[in-house]
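Below is a set of questions and answers for a reader working through a model with its sequence alongside.

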Amino acid sequence: MENKDDFDASAAPPFRIADIRAVIPKHCWIKNPWRSMSYVFRDVIAVFALLAAAAYLNSWFIRPLYWVAQGKMFWALFVLGHDCGHESFSHDPILNDVVGHILHSTILVRYHGWRISHKTHHQNHGNVEKDESWVPMPEKLYKSLSIETRLMRFTIPFPLFAYPTCLWHRSPGKTGSHFNPSSTLFSPQDRKHVTTSTACWIAMVGFLVYFSFVFGSSLTFKLYGVPYLIFVAWLDVVTYLHHHGYERKLPW
């Protein structure tokens, strides 16, 4: 076995994607929409059950347990929407997009905007110029960051909540926004899809505002806001670990 000190993380792997695909059992490539939808129904039922229990019990002893559990369920909804974006949810692109929009909009994720930039990330992983998220940061760019930006990106706990900010402003050195259909993130044929997703996001925000007026902003924050923050923190932790397995870790 080679000494791990001789390992070059920048070198191309000694295998091709086709080699990996060849050893995966054929049944793993089958996309069963009924099974996929069963996961959706299961997780949605769990979300509403937790919501009902927290509203009924309304106890400070129960709330922390609810926040953690519901935050993890928001993550579960994100993962299902993630699979819709990768088209691994089913063979039907319409079903993928409809389910993806419903799931991602409920947790304030722009489905198509995220789907397109996430695809760019997978196609250009680790590329300083072309990667879209978890981009290796050149020293020159790091030194040009303002003190506020360095604080928000490199000082715990602020990076745990970086995900929504990145969707608004992207990573340092990049322009555009996941909300803007005319952003350089998207091609002209993508703009209609991005507009649809942004409209769904606005509708969800409108629902939360309406809920706040009817039931109060405090209850809205307890039932939705805190679990959302936990979901965002968990999303950032998980994706950080996904992209930083080697000892010489990339900058945040």
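The questions and answers that follow concern a predicted model.

Q: How many helices and how many strands are there in the chain?
A: From the N terminus on, the elements run α-α-α-α-α-α-α-α-α-α. The count for the chain is therefore 0 strands, since a strand needs a DSSP run of at least two E residues, and the helices number 10.

Q: What percentage of the residues in the chain is buried?
A: A residue counts as buried at under 20% relative accessible area. The chain has 252 residues, and the buried share of them is 36%.

Q: What part of the accessible surface belongs to carbon and sulfur atoms?
A: The accessible surface of the chain comes to about 15,800 Å². The part of this surface that belongs to carbon and sulfur atoms is 67%.

Q: Which element gives the largest share of the largest nonpolar core?
A: The largest nonpolar core has 29 residues, and F78 and F231 touch the most other members. Two or more residues of this core come from each of α2 (33-57), α3 (63-85), α4 (93-106), α5 (111-123), α9 (191-215) and α10 (217-243). The largest share is 8 residues, and the element that gives it is α3.

Q: How many residues are in the second, separate core?
A: Among the members of this second core are A54, W67, L223 and V226.

Q: Is R191 buried, partly exposed or exposed?
A: R191 lies in helix α9. Its relative accessibility is 33%. Buried means under 20% and exposed means over 50%, so R191 at 33% is partly exposed.

Q: What separates the C-alpha atoms of R191 and H112?
A: Not counting residues up to four places away in sequence, R191 touches P181 and S182. H112 is 79 residues from R191 along the chain. The C-alpha atoms of R191 and H112 are separated by 9.4 Å.

Q: Where does V209 lie, and why does V209 count as partly exposed?
A: The relative accessible area of V209 is 41%. The element in which V209 lies is helix α9.

Q: What accessible area do the residues of the nonpolar surface patch have together?
A: In soluble globular proteins, nonpolar side chains tend to be buried together. Here a nonpolar patch on the surface is formed by F207, V209, Y210, F213, V214 and F215. Together these residues have an accessible area of about 690 Å².

Terms used. Residues numbered from 1 in each chain as written. Predicted model: local features only at pLDDT ≥ 70, side-chain atom pairs only at ≥ 80, totals over all residues. Heavy atoms only, no water. Helix = DSSP H or I, 4+ residues; strand = E, 2+ residues; numbered from the N terminus. Buried < 20%, exposed > 50% of the residue type's maximum accessible area, 1.4 Å probe, protein only. Areas by Shrake-Rupley, 256 points an atom, 1.4 Å probe, with all protein chains shown as cover. Core = buried A, V, L, I, M, F, W, Y, C linked by side-chain atoms within 4.5 Å. Contact = heavy atoms within 4.5 Å. Patch = residues over 30% accessible without salt bridge, like charges linked within 9 Å, V, L, I, M, F, W, Y side chains within 5 Å. Salt bridge = Lys/Arg side-chain N within 4 Å of Asp/Glu carboxyl O.
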